[in-house]
Amino acid sequence: MAMESSMWNTCNYSHNVTFFYNWVGKKISVVWTPRDFVVLGLGLTVCLIVVLANLMVMVAIFMNRRFHFPIYYLLGNMAAADLFAGIAYANLMLNTGPWTSTLTKEKWYIRGALIDISLTASVANLLAVAVERHQTIITMQLHSKMTKRRVVLLIVCIWAVGIIMGLVPSTFWNCECDLNDCSTVAPLYSRRFLIFWAVLNLLTFFIMVAVYTRIFIYVRYQSRHTSQYTSEMWHNQTVVNLMKTISMVLGAFVICWTPGLLTLLLDGLLGKDSHANTYEKFCLVIAECNSLVNPIIYTLRDDEMRQTFKRILCCMCRRGAGQQRERSPVNIDSPLPEETLDCIQKSEEKAIHTPQDTNDKEDSWAVPGV
């Protein structure tokens, strides 16, 4: 018995992916079924929509100067994390089912690392947004005075943390040297790592919810004692609306990812007794939908963002129509490329110079309607 235990605790890197799946009792499909094709087709379609929708958010923040503030840069980075998640899920879809048995361990680790990186980057970014909002609102400001250099450094740190967490399982914290520690959901991952990762993210969720609760209590208290001047009332209403939008983003993230994290936590604690594989795929689908939720929230909650989306789509249509006219044999006057490329800036400048309340000249041009 002792010899058998020592054998399983000896690192043997010659085992392939199929060996670990068989060891934990996770079945690998042998042939493709019609259901598999439907899931694959729908999954890739959702991934494509996720990538395009979040790319639209990033372009809108880049093109509209009214979004050039730290909070919107962080929201743009959140869109980048969601876009990355769409790519990670597409890679997962293309390396699942019967294809799993053909993966090398390196490719299998990459498949999991991409999802780990996207989740860690999203959590770290939401935490940065919570801290930024807390610091800004407590000091009675609408936008943070953080410099662009610091924002860029913060974004780089967020992705650095995400990459590090994604590389941890493949470098040293796996079960290749201790087969009894293998996860049933991710057979090459260590159950102890899943416990650590799930608890860390759930604890971060709790901290963010506590921070936003404190901010809302503070804003509500300030609203009761605010002056009746139009500028102050408008400022407070803008702060509340922006906080509601960000809180909806946080709430959707927590709702979509908590089932998956609890599944990983149960798998880490109970192993095969958790029966995590029976509802693993449902949790993954819910988590994937989160990457599509944020652009919908921005569209419904933020009037300026919605108008920017419309201007981007309008410019794309005009540019496509212009190219078609250029290719036609009939010489038709078409707009110059510069005109179509500058249409967003022109409409934006028109919106910026719209008369606002003169009691708040400093912020009236800088705050999108939320």
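The following legends describe close-up views of a predicted model.

The model is predicted; local features need pLDDT of at least 70 and side-chain atom pairs count only at pLDDT 80 or more, whereas totals for chains, interfaces and linings use all residues. Residues are numbered from 1 along each chain as its sequence is written, and side-chain values use heavy atoms, with hydrogens and water left out.

**View 1. The protein has 13 helices and zero strands.** Helices (H or I, at least four residues) and strands (E, at least two) are DSSP runs, numbered from the N terminus. Of the 370 residues, 46% count as buried; buried means under 20% relative accessible area, exposed over 50%, and partly exposed in between (1.4 Å probe, protein chains only). Contact means heavy atoms within 4.5 Å. Among contacts between residues at least 6 apart in sequence, 81% join residues at least 24 apart.

**View 2. Helix α3 (residues 34-63) packs against α4 at an angle of about 160°.** Their axes are 8 Å apart; axes are lines fitted to C-alpha atoms, for helices over the stretch in contact, and angles run from 0 to 180 degrees between N-to-C directions. The angle makes α3 roughly antiparallel to α4. Angles under 35 degrees count as roughly parallel, over 145 as roughly antiparallel, 65 to 115 as roughly perpendicular and the rest as oblique. α3 passes α4 in a left-handed crossing; a crossing is left-handed if the near helix is turned anticlockwise from the far one by less than a right angle, and right-handed if clockwise. The contact includes Val39, Leu40 and Gly43 of α3 and Tyr72, Leu75 and Gly76 of α4. By class, the residues of this contact are 19 nonpolar, four polar and one charged. Here Ala, Val, Leu, Ile, Met, Phe, Trp, Tyr, Cys and Pro count as nonpolar, Asp, Glu, Lys and Arg as charged, and the others, Gly among them, as polar.

**View 3. The axes of helix α4 (residues 70-93) and helix α6 (residues 148-171) come within 10 Å.** They cross at roughly 25°, which makes α4 roughly parallel to α6. The crossing of α4 past α6 is right-handed. Among the residues in contact are Tyr73, Leu74 and Phe84 of α4 and Ile155, Ile158 and Trp159 of α6. The contact of α4 with α6 has eleven nonpolar, one polar and one charged residues.

**View 4. Helix α2 (residues 17-24) meets helix α5 (residues 105-138) at an angle of about 65°.** Their axes are 9 Å apart, and α2 and α5 are therefore roughly perpendicular to each other. Val17, Phe20 and Tyr21 of α2 make the contact with Lys105, Trp108 and Arg111 of α5. Four of these residues are nonpolar, none is polar and two are charged.

**View 5. Pro187 is found in the loop between α6 and α7 (191-224).** Pro187 is buried, at 0% relative accessibility. Not counting residues up to four places away in sequence, Pro187 touches Phe20, Tyr21, Val24, Lys26, Trp108, Cys175 and Cys182. Pro187 and Lys26 are 161 residues apart along the chain, yet their C-alpha atoms are separated by 7.9 Å.

**View 6. His275 lies in the loop between α8 (230-270) and α9 (280-301).** His275 has a positive phi of about 50° although it is not a glycine. With a relative accessible area of 54%, His275 is exposed.
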